[in-house]
Amino acid sequence: MKLVVVGRDSLDQLTEWIVTKFSPILSKGLTKPLFKGHPMTSNETGKLVRVQSVRQQRVLDLTFALPDVKPYYRSKPTRYLGSLVGHEAEGSVLSLLKKRGWATSIVSGRSPSAAEGFDMFKVTSNLTELGTKHYKDVIRIIFAFIQLLLGMKPQKWVQDELRRIGEIEYQFMEKNEAVHLATTLASTMQNRYLAPEAILPEAFVIHDFDQELGEWVQGFLNPDNLRIMLICQDFDVDLNKVEKYYTIKYRVDPIPDDLMKDLSGPLFYKDLHIPAPNQFIPEDLTVKNIDRSSEPAKSPALLKLKQGLELWHKQDDRFFLPRGDLRFLIETPRGYESPLNSILNQLFVMIFKDSMAEITYDAQVAGLWFDVRECSEGIFVHIDGFNDRIPRLLKIILEALRRFVVDDTQFEVYSLELRKRLDNVRHLEPYNHSQSNALFLNQGVMWRYSDKLKVVDLVSKERLQSFIDTLFELTRVQMLAMGNFTEKEALDIADI
């Protein structure tokens, strides 16, 4: 048994309670079972499992059998692999899949369902309808990237980036709820290989770089060690089995010969390469405000007011962390002047956020959070995270907004998604409709979903591009800079 107690009381008081309450629990001398062998034997690998889902989803899941890698917690070799296979920047698997309209997301890493004695590495991708038809090609692209990794030794600079990001995350980790912290640590302590001093930082910190170990683990990502699972509602083959407990239909076949042959041979796609160094990892983590004696300000101060710009600023005088928070409201009358423009603005934001994913992924990994939303006033931009790299990310976002060009594939994918969202509104619970109608009665201008459905057929790529080209012709910006920014830095950001 592992016990974690989190509380505000002194260590002496907590210790007294623990001894009193838990001493009567007798030890049965049991240890955590160690699984001998691997549940994914030759009977399970080399198989394609088709599963019929209840809800609308299209998921491709690749599972590779691994030996137990938990003893190697200091170098975390699967963290290295997962960060590269699951990367989303230019040159990544997901970047190529999105360009072809085959997938919307990808996640990879060590499976959390593994037990003591064995491990598994998983690559899971959410496919589009077209991607489901091309699932073999999706797998070929994933394996082409794996072959790319196998053709080079593990790169120390990649591991160094992961180590630095982990150190920063651990150093400035925000406090979690006590119950979450206790349960997480109790689960982490079940790892028999962890040294006591490694329990707290285990989820974040990478200590070592072991190139030979990395090559050994990479070697298990081969087609003979693979099980494929394809999950969706409709298949073009008969699902001849029924799961015992949930009565889900499924089918198990050998991996098709043509696919197995391709995966065993050389695969190459010119668009695939390992990511460039992350430009958003913070370097300056100093806190600008060192005066901790004064009373914290209760509201931001107006720094600048001129035609087209209103700038507010509040420097961190309470938490003293190297974090910043930027909020921009770009007011434009074009964004909401009609139901059609409202739809075009929403579609623009959906496509824009997807097109920025390759850049903002690196920012997210490095501790920056970014969001763009459409609203009745125009467009709202929000960036939060380590302040050192916020100006760089903001400049990239604003430049992309100014010169955005609609991509054919993205337009097809997200125009269909927008239509689906509008159509699904009518099927919401009654209380959702009552809330929406109440808001409609109390708001000056509001286009309801029924108004938008009447004009959604007018949406075209050409009309959307024309809307974007004129959206920022007449604007007014409201900006709030909070956190670890000086007044000068806030003014400089406003000039970007």
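**Cavities, helices and strands**

Modeller: This is a predicted model. In the lining of the largest cavity, five residues are nonpolar, four are polar and two are charged.

Colleague: What is the volume of the largest cavity?

Modeller: The largest cavity has a volume of about 80 Å³.

Colleague: Which residues line the largest cavity?

Modeller: The lining consists of Ser75, Lys76, Pro77, Tyr80, Leu81, Pro154, Gln159, Phe209, Asp210, Gly214 and Gln218. Helix α2 provides the largest share, three residues, and α2 and α8 (211-218) each supply at least two.

Colleague: How many cavities of 30 Å³ or more are there?

Modeller: The count comes to two. The second largest cavity holds about 40 Å³ of space, and its lining is made up of Tyr73, Lys76, Ala198, Pro201, Glu202, Val205 and His207. By class, four of these residues are nonpolar, one is polar and two are charged.

Colleague: Let us return to α2. At what angle do α2 and α6 pack?

Modeller: Helix α2 (residues 77-85) packs against helix α6 (residues 156-171) at an angle of about 100°, and their axes are 10 Å apart. Because of that angle, α2 is roughly perpendicular to α6.

Colleague: Which residues make the contact?

Modeller: From α2 they are Arg79, Tyr80, Ser83 and Leu84, and from α6 they are Val158, Gln159 and Leu162. The contact has four nonpolar, two polar and one charged residues.

Colleague: Now the pockets. Which residues lie nearest the centre of the second largest pocket?

Modeller: Arg58, Leu127, Thr128, Glu129 and Leu130 do, out of 30 lining residues. The second largest pocket contains about 1100 Å³ of space.

Colleague: Which element gives the most to that lining?

Modeller: Helix α13 does, with eight residues. The elements giving two or more residues are β4 (118-127), α4 (129-133), β5 (226-232) and α13 (408-425). By class, the lining has nine nonpolar, nine polar and twelve charged residues.

Colleague: And the sheet of six strands: what is its order?

Modeller: It is an open sheet with the order β8-β9-β13-β10-β12-β11 and mixed pairing. Its edge strands are β8 (301-306) and β11 (368-375), each of which pairs on one side only.

Colleague: Over how many bridges do β9 and β13 pair?

Modeller: Strand β9 (residues 309-315) and strand β13 (residues 476-483) pair over seven bridges, in the parallel sense. The bridge partner of Lys314 in β13 is Met482.

Colleague: Which strands does α12 lie across?

Modeller: Helix α12 (residues 390-402) lies across β10 (323-331), β11 and β12 (378-386), and runs at about 155° to β12.

Note on methods
Residues numbered from 1 in each chain as written. Predicted model: local features only at pLDDT ≥ 70, side-chain atom pairs only at ≥ 80, totals over all residues. Heavy atoms only, no water. Axes fitted to C-alpha atoms, helices over the stretch in contact; angles between N-to-C directions. Helix = DSSP H or I, 4+ residues; strand = E, 2+ residues; numbered from the N terminus. Parallel < 35°, antiparallel > 145°, perpendicular 65-115°, else oblique. Contact = heavy atoms within 4.5 Å. Nonpolar A, V, L, I, M, F, W, Y, C, P; charged D, E, K, R; others polar. 1 Å grid on protein atoms, 1.4 Å probe; cavity = no way out; pocket = protein on both sides within 12 Å on 5 of 7 lines; lining within 4 Å. Points joined across faces, edges and corners; volume = space filled by probe spheres on them. Pairing = 2+ DSSP bridges.
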